[in-house]
Amino acid sequence: MSMSSGPYRARGRSDRSRRTRDRIKQAVHELLAEGGFHTAAVEEVAARAGVSRATLYQHFRSRIELVDAICETFDENPALLRLRETVELADAGEALAETLALTVRFWSSENGVLSQLYGVAAVDPAARALVERQRTDRRGEYDRLVGNLKRTGRLGDGVTPERGLALLMMLSSYESYPELRASGLSDRQVTALLQETARRLVLRV
């Protein structure tokens, strides 16, 4: 009994710790979506999560860590989960079109939070760190996609992998998404425009 109860208690503590961490992340996510995180004190985040200030600091030691943890919620987004598999599809042209579609789907689903983070990235170190991490992650996935295009001979004439990646990073950037939406395009229209532009600029036809 004593040997089995030890792991059980540890597992219980781990589950409680995970649930507490998830509540804190959800509180940050909600405050960002509401536009209130950047002016909120730590106590407000803790209160929203239903934990004490001390408990919050047990899980996140700084404001930067709080914002960075939002990436963990992004990692669970269905669009991103599918995207990581899509970039390696055997039909590289289909991979390109679907990857762009999933990128738009992700931007759309998280737009309330992302607009806050990108909007203050120049002056908020926490937001800037998240934006840079996200850009690095996106570059990694699109680099894999360009590698797929090169292996299958689908890169256009004169399009080097470096040029192809630069073009796709520009087209798939979050900054492009709200600009296109502000011009009156729906998500579907944004997706179609990006796909058509990518085909013209990157693909061998």
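**Entry 1: α10 and α12**

I began with a helix pair in this predicted model. Helix α10 covers residues 161-171 and helix α12 covers residues 187-202; I found them packed at an angle of about 165°, with their axes 11 Å apart. The cut-off for roughly antiparallel is over 145 degrees, and α10 and α12 are therefore roughly antiparallel to each other. I looked up the handedness too: α10 passes α12 in a right-handed crossing.

Next I asked which residues of α10 and α12 meet. From α10 I noted G164, L167, L168 and L171. From α12 I noted L194, T197, A198, L201 and V202. Sorted by class, this contact has seven nonpolar residues, two polar ones and no charged ones.

**Entry 2: α6 and α7**

I turned to a second pair. Helix α6 runs over residues 78-86 and helix α7 over residues 92-109. Their axes come within 9 Å and cross at roughly 165°. That angle makes α6 roughly antiparallel to α7. I recorded a left-handed crossing for α6 over α7.

Which residues meet here, between α6 and α7? On the α6 side I listed A79, L80, R82, L83 and T86. On the α7 side I listed A95, E98, T99, L102, T103, R105 and F106. By class, I have six nonpolar, three polar and three charged residues in the contact of α6 with α7.

**Entry 3: K25**

Is K25 buried or exposed? Its relative accessibility is 6%, so K25 counts as buried; the cut-off for buried is under 20%.

I then checked what K25 touches. Leaving out residues up to four places away in sequence, I found F60, A69, I70, E72 and T73. I also took a distance to L66: K25 and L66 are 41 residues apart in sequence, and their C-alpha atoms are 7.2 Å apart in space.

**Entry 4: L117**

L117 was my next stop, in helix α8 (residues 111-120). I read 0% relative accessibility, so L117 counts as buried. Beyond its neighbours within four places in sequence, L117 is in contact with L32, H38, V67, A127, L130 and V131.

How far is L117 from P161 in space? I got 30 Å, C-alpha to C-alpha, for a pair 44 residues apart in sequence.

**Entry 5: the whole protein**

I stepped back to the overall picture. I counted 12 helices and zero strands. Read along the sequence, the pattern is α-α-α-α-α-α-α-α-α-α-α-α. The C-alpha atoms fill a box of roughly 65 × 45 × 25 Å along the principal axes.

How much of the protein is buried? I noted 41% of the 205 residues. I looked at contacts with a separation of 6 or more as well: residues 24 or more positions apart account for 67% of them.

**Entry 6: confidence**

The mean for the protein is 88, and 94% of its residues reach 70 or more. Where does pLDDT stay under 50? I found that stretch at residues 1-13. The model gives residues 1-13 zero contacts beyond four places in sequence. Where pLDDT is low, the predicted coordinates should not be read in detail.

Definitions and conventions
Residues are numbered from 1 along each chain as its sequence is written. This is a predicted model: local features need pLDDT of at least 70, side-chain atom pairs count only at pLDDT 80 or more; totals for chains, interfaces and linings use all residues. Side-chain values use heavy atoms; hydrogens and water are left out. Axes are lines fitted to C-alpha atoms, for helices over the stretch in contact, and angles run from 0 to 180 degrees between N-to-C directions. Helices (H or I, at least four residues) and strands (E, at least two) are DSSP runs, numbered from the N terminus. Angles under 35 degrees count as roughly parallel, over 145 as roughly antiparallel, 65 to 115 as roughly perpendicular and the rest as oblique. A crossing is left-handed if the near helix is turned anticlockwise from the far one by less than a right angle, and right-handed if clockwise. Contact means heavy atoms within 4.5 Å. Ala, Val, Leu, Ile, Met, Phe, Trp, Tyr, Cys and Pro count as nonpolar, Asp, Glu, Lys and Arg as charged, and the others, Gly among them, as polar. pLDDT is the predictor's confidence in each residue, from 0 to 100. Buried means under 20% relative accessible area, exposed over 50%, partly exposed in between (1.4 Å probe, protein chains only).
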